[in-house]
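Here are my notes on the model. Please read them with the coordinates open.

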Amino acid sequence: MRKFLFPIVVIIATIIIVARLLYLQLIDDSFLKKADINALKIVYEYPERGYIYDRNGQLLVANQPSYDIMVIPNEIKNIDINEICTILDITTEEYHKKIEKAKVYSPRLPSVFLAQLSKIEFAAFQEKIRHFKGFYIQKRNLRDYQVDFGANVFGYIRQINEMELQKRPYYKSGELIGMRGVEQAYEEDLRGIRGVHYILKDKFNKEIGTYKDGIYDTIAVKGNDITITIDKELQKYGEELMIRKRGGIVAIEPKTGEILALITAPSYDPSLLVGRDRSKNYVKIDSIPGKPFFDKVLQGQFPPGSPFKILTGLIGLQEEVIDTNTGFTCHHGFYLGGRFIKCHDSGTWNLHPAIAKSCNTYFSQTYMRIINKYATPSQGVDAWHDHLKSFGLGQYMGYDLPSGQKGRIPDSDLYNKVYKGWNWKSATIVSNSIGQGEVEMTPIQLANVMCAVANEGYFYTPHIIKKIENKTIDKSFVQKKQTTIDKQHFRPVIEGLHEVYLSGTASRLQIPDINICGKTGTVENFATVDGEKVKLQDHSVFLAFAPKENPKIVIAVFIENGGFGATWAGPIASLMIEKYLKGEITRTDLEKRMLEGDLSANYISKDISDKQKEEKERLRLLEKQRQLKLKAKQNGKN
C-alpha cells in the first residue's frame, strides 16, 4: 500500500493544480485582469441623478451636463504645459500641484484634474485634447434647480473628500456625493449606479477594443426619482415671509406626519452651490450672520416657553390632579418661596381660560400637583418625564433628515446631580411648568406635539419623503405612535386653544372662515457681550393647527428676537395656514406688515456676541497649536 501512496498524492495534487488553472482561465478572470491592468483603460459612465418633485408633482430639482478633465499621471507624455494652462486659465504652479495630488491617489488610475468646466473651457479643451496625452474628459451631471428657494430642504452635492473615501468604498476619487437635506438622506436612491467599461490597449498604449468582448462592462443605471412631502408654493411663501428675519417655520400634515414646509432663515439660492464657484460661494454663505447652514427647525434647541403649558395641562388631567373645573386664583402672579412668579393677568381661572390667557399661576400650580402626587419628587419628575417622552421629546425623533437634536427633558437623575445634598422639591423646579427651567425643545418637536394634540393622542413620525421610484418608503413613517394621554383629555385643551384665537392672546390674528387653534409663546433670550450677560429681545414663538375639526395643517414658527408670540410668529403662522388651506390671502394687512418687516436691528448685539465667541475660539485653537509645537520641540531635544 505504501508504494502506491506517493503516486496517489502526486496524481491528486496534479488534478487540483490543473483544475485550479482551468478555473482561473475559463471561469475566474480576476487574476488575469490584475495581471493585465497596465494594458487596460477603465472608463466610468456616470448616470443621471434622480429628479426631485414636490408633493403635487412639481419639478424642483433636475440635472444639467457637466464636464471634468480627468488625468492618468503615468500616461502623460510630451505635453505643452503652458498651452494647457492657458486654455484652462490656471497657473503652472496649480498644474503641478494638481498632478502631484493625482499621483498620490494613483499614478495608474484616473482622478479629477479640473472639475466642472464652463462651456467655453470645454469647447477649447475638446479641440486640443489630442495633444494632451493622459488627459480625457469625463461627463457628469450637476444639479439644475428649478426654484430659488428650499436650499435647506434639498442640501447640495459636492466631490467626495479623502476621509469620506476611506469610509465609503463604493465611491472613487472625484465622484459627487449628497450633503445635507434630502440629497444626503436619500443619496443611495438618488445617485444611481455608475457603469464601467474596460478598454484594451496594445504595447504602444493605443486602444484596440473592449476587454474580453465587454463581458465585464456594465451600463449606468439612472438614480431613482423621489417625491418629497414639501408643498412648493407654501415653502416659497414661508421663505418670503422670513426675509430680514431669523428663525424657522415647520408645517406638518398631522394625519400623516408629512412635512409641508421646512424653512430656516436666513437662507440662500441653492444654485449658488453648483459649478466651479461652489467652494467660493460656500465660504461667503457660511460667513453670513445668522448661520444659513444651521437649520434652526431641526438643530435649534431652546426653552419652548408658553406653548409647553399645553403639555402641563394634559399631564395634569391624565394624572387626575386637576379636572376641567379646577380653578386657581392669580394676582398677576403668585409668591413661591419668597419669590414672585409673574403673570400678565389676574382672576380665578379653570383650564379653558387659563390656556386662552396663558396663565403662569395656573400651570405652575398644576405642575407642582403633578410632582407632589408621588411619594418623592424624584418619582414625580420621572412620571412627568415619561409622559413627555411619549410625545417624542428628549430624544431623536427618527425623521429622515440627516441633522437634528434631542432637546432636553430633565429627569430625577439630572436633579439629583444638580442639587446633590439638597432637599429639592417641586417648587425648586417649577419653571419647567411654563417651558422654562431645564426644558429644551426644537421647533420640529414643538410641531410634533401639536400634531398629537390635533389628532387627540397620536402622531406619525415627521418625514419628508413621500415616494421613491421603484421602492417603498420606510414603514416607520406610516406607523401610528400613541401618547400616554387618554383621548378624552385632548378635547378640553383643544377648546382652550381655539379660545386663544377667539378672545385670547391671538384674537387679532383670526382668519375669515377658518377655525384655528393656537398658542402664543415668548421665550427669554440672553447673550454674552464683552464678558457680560445681556438681556436681548425675547424670541417670538407660535404653535397652531387648523381647521379645528379634521385638522389639515400644524405649524410651528420661531422668530429670533421677535418679542411677543403674537407680534411676529403668530401673524406668520396665520398667513401660512390661510395660504395652504385657501391658496390665497385675505388678511392683506398682516401680509403687508410681515413682508415689509425688518428685524435686522434686533440682531446687532447677538452678532457681536457671536463674533466674540468665534474670536475667542480661534485664539484658543492657536494657543493649543502653539503648546503642541512647543511640546514636540521639547520632546525632540530629549
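**Notes on the predicted model**

1. Start with a proline. Pro266 lies in the loop between β12 (258–265) and α11 (278–286). Helices here are DSSP runs of H or I with at least four residues, strands are runs of E with at least two, and both are numbered from the N terminus.

2. Basis of these notes. This is a predicted model, in which local features need pLDDT of at least 70 and side-chain atom pairs count only at pLDDT 80 or more, while totals for chains, interfaces and linings use all residues. Residues are numbered from 1 along each chain as its sequence is written, and side-chain values use heavy atoms, with hydrogens and water left out.

3. Ala546 and Pro547 are joined by a cis peptide bond with omega of about -15°. Pro547 sits in the loop between β19 (532–546) and β20 (553–559).

4. Overall figures. The chain has 22 helices and 20 strands. Its C-alpha atoms fill a box of roughly 100 × 80 × 65 Å along the principal axes. Of its 638 residues, 51% are buried. Buried means under 20% relative accessible area, exposed means over 50%, and partly exposed lies in between (1.4 Å probe, protein chains only).

5. Contacts and surface. Take contacts (heavy atoms within 4.5 Å) between residues at least 6 apart in sequence: 71% of them join residues at least 24 apart. The accessible surface is about 31500 Å², and 52% of it belongs to carbon and sulfur atoms. Areas come from the Shrake-Rupley method with a 1.4 Å probe; for residues, only the protein chains shown count as cover.

6. Charges. The chain carries 88 positive and 76 negative charges, and their mean positions are 6 Å apart. Lys and Arg count as positive, Asp and Glu as negative; His and the chain ends are not counted. Each charge is placed at NZ of Lys, CZ of Arg, CG of Asp or CD of Glu.

7. Positive phi at Gln116. This residue is not a glycine, yet its phi is about 55°. Gln116 is in the loop between β4 (111–114) and α5 (119–128). Gln116 is buried, at 14% relative accessible area.

8. Positive phi at Lys291. Phi is again positive for a non-glycine, at about 55°. Lys291 belongs to the loop between α11 and α12 (296–299). Is Lys291 buried or partly exposed? Lys291 is partly exposed, with a relative accessible area of 47%.

9. The three-stranded sheet. This open sheet runs β1-β8-β9 with antiparallel pairing. β1 (40–45) and β9 (207–210) are the edges; each has a single partner strand, so one side of each lacks a neighbour in the sheet. The twist averages 35° from one strand to the next. Strands pair if DSSP finds at least two bridges between them. β1 and β8 (residues 195–201) share six bridges, and Ile42 stands opposite Tyr198 in β8.

10. Strand β11. Why is β11 (residues 247–253) largely enclosed by the rest of the structure? Seven of its seven residues are buried. Gly247, Ile249, Ala251 and Glu253 point one way, and Gly248, Val250 and Ile252 the other way.

11. Partners of β11. β11 pairs antiparallel with β12 over seven bridges, and Gly248 stands opposite Thr264. Four residues separate the strands of this hairpin, where Gly257 has a positive phi near 80°. Six bridges join β11 to β20, also antiparallel. There, Ile252 has Val554 as its bridge partner.

Note on methods:
Axes are lines fitted to C-alpha atoms, for helices over the stretch in contact, and angles run from 0 to 180 degrees between N-to-C directions.
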